[in-house]
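Visitor: Could you walk me through the aromatic pairs and the sheet in this one?

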Amino acid sequence: MNVNHDHDLSAADGAVSDAEPLLEISELEKYFPVNEGLLASIVGETHHVKAVDGVSLTLTERETFGLVGESGCGKSTLARTLLRLEKPTGGSITYRGHDLTELSNRALRPFRSEIQFIHQDPSSSLNPRKRIGKILRRPLELHRDLDKEEQDAEVRSLLDRVGLDPGMRHRYPHELSGGQKQRVEIARAVSVNPTFIVADEPTSALDVTVQAQILELITEIQDEYDLTLVFISHDLRTLRYITDRVGVMYLGEMVEVAPTETIFENPKHPYTQSLLSAVPEIGKGESEKIRLEGQPPDPINPPSGCRFHTRCPLAQEACAAVKPEPAVESSEHQYLCHFTNPNTRTGTVGGPTGVAPDQLRGTVPEDRDD
Ligand code: SF4
């Protein structure tokens with residue numbers, strides 16, 4: 001698989017720069033074939049959905065990293081791939097100095113307890129035929145050296161820790177509310193003393209009133225267990241509340257990475273700006289929203305040059321022809337765009353940043369080339 005070196009938005013250091021790296025991914029790719037076998041032989045080649053395409057990122061100990069982007073941008077696939085729930089088709093994943101990229105399931109087993117996943121919808125992730133106590137006891141049997149009595153005590157303690165009555169261990173998942181099931185999911189994730197948790201939209205299936213309680217529980221648990229957390233959400237307000245840094249994904253690529261407050265106060269990529277403009281705020285008018293035309297392009301055949309050019313309100317001729325190199329606003333802040341972009345709302349574009357001037361000469365309108 002070809003490695004795409006044009007999309008290296010390595011992690012910004014930011015507020016967590018002094019911490020040890022926990023997980024490093026480099027040029028990570030996850031392509032899904034869509035026409036294998038006979039179909040591929042008829043058309044002469046195999047086509048792929050490029051769900052994750054050349055993403056580089058470093059996560060540090062105890063950091064909370066938010067991933068945001070439209071549905072289908074690849075954020076969940078990125079999370080599943082870096083947990084090795086999906087096998088990467090290119091690039092590398094290094095966890096505490098161990099290369100996990102090519103390890104078999106058996107070889108990955110020692111790492112499984114350290115790296116956990118909180119699912120979006122606990123109704124589908126909790127086995128409906130097993131009582132809660134049995135569901136929570138299973139990871140203890142697999143990963144911790146406890147006898148039966150200690151396991152029962154641990155199950156009661158875990159339920160209590162996530163705010164549930166220990167008596168609930170006798171119930172089945174369908175007897176619990178959505179919020180209670182998500183608490184069980186969190187208890188299961190922390191039962192094996194992990195160091196790293198990925199939470200994939202853990203509040204999106206819940207009532208609004210319950211969402212804040214679950215967020216609060218996740219932040220408490222993170223503090224208590226010194227966890228590194230990747231929090232996936234389409235809701236930027238949630239990410240502002242819970243994360244240290246944010247990565248913005250578009251069509252399989254990480255298009256901007258920065259400390260959370262920088263993303264909110266000084267977003268550079270036009271896509272990030274459009275996402276932020278859609279966040280409801282008191283006093284914000286409709287005219288302040290940046291509307292993107294059309295749907296995200298087909299990830300089987302992504303646009304040439306900058307992948308965002310088919311929807312970008314600032315796209316220019318060069319954008320379709322030349323892939324952007326990462327523009328470095330600071331050591332903490334990088335984005336994939338040819339232009340600095342101080343004020344999208346008036347359509348103003350600054351000067352070229354990530355592309356050689358001769359590549360753009362003659363393609364940027366004069367009133368924008370300053
Ligand atoms: Fe928009 Fe061009 Fe920047 Fe891409 S490179 S985000 S199309 S201005």
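**Rings and strands**

Guide: F111 is buried, with a relative accessible area of 14% (buried means under 20% with a 1.4 Å probe, protein chains only). This is a predicted model, where local features need pLDDT of at least 70, side-chain atom pairs count only at pLDDT 80 or more, and totals for chains, interfaces and linings use all residues. Residues are numbered from 1 along each chain as its sequence is written, and side-chain values use heavy atoms, leaving out hydrogens and water.

Visitor: Why is the pair of Y250 and F308 edge-to-face, and what is the angle of its planes?

Guide: Rings of Phe, Tyr and Trp (its six-membered ring) pair if their centres lie within 6.5 Å, and planes over 60 degrees apart count as edge-to-face. Here the ring centres are 4.9 Å apart, and the pair is edge-to-face because the planes stand at 75°.

Visitor: How many residues apart in sequence are the parts that this pair ties together?

Guide: Y250 sits in strand β9 (residues 245-250); strands are DSSP runs of E, at least two residues, and helices runs of H or I, at least four, numbered from the N terminus. F308 is in the loop between α11 (270-277) and α12 (317-321), so the parts tied together are 58 residues apart.

Visitor: In which order do the 4 strands of the open sheet come?

Guide: Two strands pair if DSSP finds at least two bridges between them. Strand β1 (residues 21-33) is joined to β4 by 5 bridges, and L23 stands opposite Y95 in β4. The pairing is antiparallel, and the order is β2-β1-β4-β5.

Technical notes:
Buried < 20%, exposed > 50% of the residue type's maximum accessible area, 1.4 Å probe, protein only. Phe/Tyr/Trp six-rings, centres within 6.5 Å; stacked < 30°, edge-to-face > 60°.
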